[in-house]
Amino acid sequence: MDSTQLLLALSVALFTLGLAGVIIRRNAIVVLMCLELMVNAVILSLVTFAARAASASGAVLALLVFVVAAAEIAIAIPIVLRLVKQRRTLDVGAYAELKG
Amino acid sequence: MTHLLPLYGFSAAALTGGVVMLIARHPMRVALALIATMLSLAAIYATLGVHVIAVFQVLIYVGAVMVFMVFIIMLLDTRDPSFVERYSRLLVPGVLVGALLAAGLGHTVASGLVAAPVNPAPADFRLQPFSVEFLRTYWLHFELTSVLLIAAVVAAIAVLQGRGGRRGHGGRDG
């Protein structure tokens, strides 16, 4: 197994673990962290291909994805805090009416 | 094959962190496992020769995002039922979906569709071409991300301050 294939397999494994965590975990903060794990897995595959091609554009794209992920977490945490303030629980099952 | 040894080691560490994230009970342990995973990924990037990205990974993710996360966990009430009971009712379908996705994507990776022979490229990545390309070609994108960050900060403040939805805010909309 060469390094590209190894890192892509790792990316698949981390993405799957993150997705499973988003679905099965109960705590909202843990769900957010599993989302971060998924973003990290995607960035890993992006960087793997960028490093293989020695592409500066790929590294720039990875940097921009970092910033977008930081913005995402900066807006997700206040939403979670607000939900907790309203309902006094972090259990995502308590917000079932958000299904619409 | 010896040059692959660090990659295997750091991959194993990252994978272990990901598994611990699924089974740890307290969110603080999950956060520490995620930090371990991110540090392993940063080490993998450094091994690949993409040191810029490794530095960004440590500075942005571990230094900013995870510190933020750890502070939030400390703010929360640990008597919450979600701190005691780990899994929701979707445990079985979630594991099934994860296994299916892993099988599908893993088959694609293992079948070698994406594994063209690796050129000895990692040493070719240099900071200077990256910086030149970054500030010559992609300066507009860079500025747009700063606008995005400001929008996120404003939105975060608005979400935290908006009491009861309508009162006090929204007055400037009309």
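## Aromatic pairs, core and pocket

A:Phe66 is buried, with 0% relative accessible area. The model described here is a predicted one. B:Tyr61 is likewise counted as buried, at a relative accessibility of 1%.

Over all chains, the number of aromatic pairs is three. One of them is made by A:Phe66 and B:Tyr61, in an edge-to-face arrangement.

The table sets out the two pairs.

| Pair | Centre to centre | Angle between planes |
|---|---|---|
| A:Phe66 and B:Tyr61 | 5.5 Å | 70° |

Is B:Phe134 buried or exposed? B:Phe134 is buried, having a relative accessible area of 10%. B:Phe142 is partly exposed, with a relative accessibility of 36%. Both residues, together with B:Phe130, make up one aromatic cluster.

In soluble globular proteins, nonpolar side chains tend to be buried together. Here the largest nonpolar core contains 69 residues, and A:Ile29, A:Met33 and B:Met66 have the most contacts inside it. Two or more residues of this core come from each of α1, α2 and α3 in chain A, and from each of α1 (5–23), α2 (27–48), α3 and α6 (127–136) in chain B. With 14 residues, α3(A) supplies the largest share of this core.

Which residues does B:Met66 touch, leaving aside those up to four places away in sequence? B:Met66 is in contact with A:Met33 of the other chain, and with B:Ala31, B:Leu34, B:Ile35, B:Met38 and B:Tyr61. B:Tyr61 is also the partner of A:Phe66 in the edge-to-face pair.

The last topic is the largest pocket, whose volume is about 470 Å³. Its lining consists of 18 residues, and those nearest the centre of the pocket are A:Val92, A:Gly93, A:Tyr95, A:Ala96 and B:Leu90. Helices α1 (3–24), α2 (28–53) and α3 of chain A are the elements that give two or more residues to this lining. By residue type, the lining has eleven nonpolar, five charged and two polar members.

How values were computed: Residues numbered from 1 in each chain as written. Chains lettered and ligands numbered in written order. Predicted model: local features only at pLDDT ≥ 70, side-chain atom pairs only at ≥ 80, totals over all residues. Heavy atoms only, no water. Phe/Tyr/Trp six-rings, centres within 6.5 Å; stacked < 30°, edge-to-face > 60°. Buried < 20%, exposed > 50% of the residue type's maximum accessible area, 1.4 Å probe, protein only. 1 Å grid on protein atoms, 1.4 Å probe; cavity = no way out; pocket = protein on both sides within 12 Å on 5 of 7 lines; lining within 4 Å. Points joined across faces, edges and corners; volume = space filled by probe spheres on them. Helix = DSSP H or I, 4+ residues; strand = E, 2+ residues; numbered from the N terminus. Nonpolar A, V, L, I, M, F, W, Y, C, P; charged D, E, K, R; others polar. Core = buried A, V, L, I, M, F, W, Y, C linked by side-chain atoms within 4.5 Å. Contact = heavy atoms within 4.5 Å.
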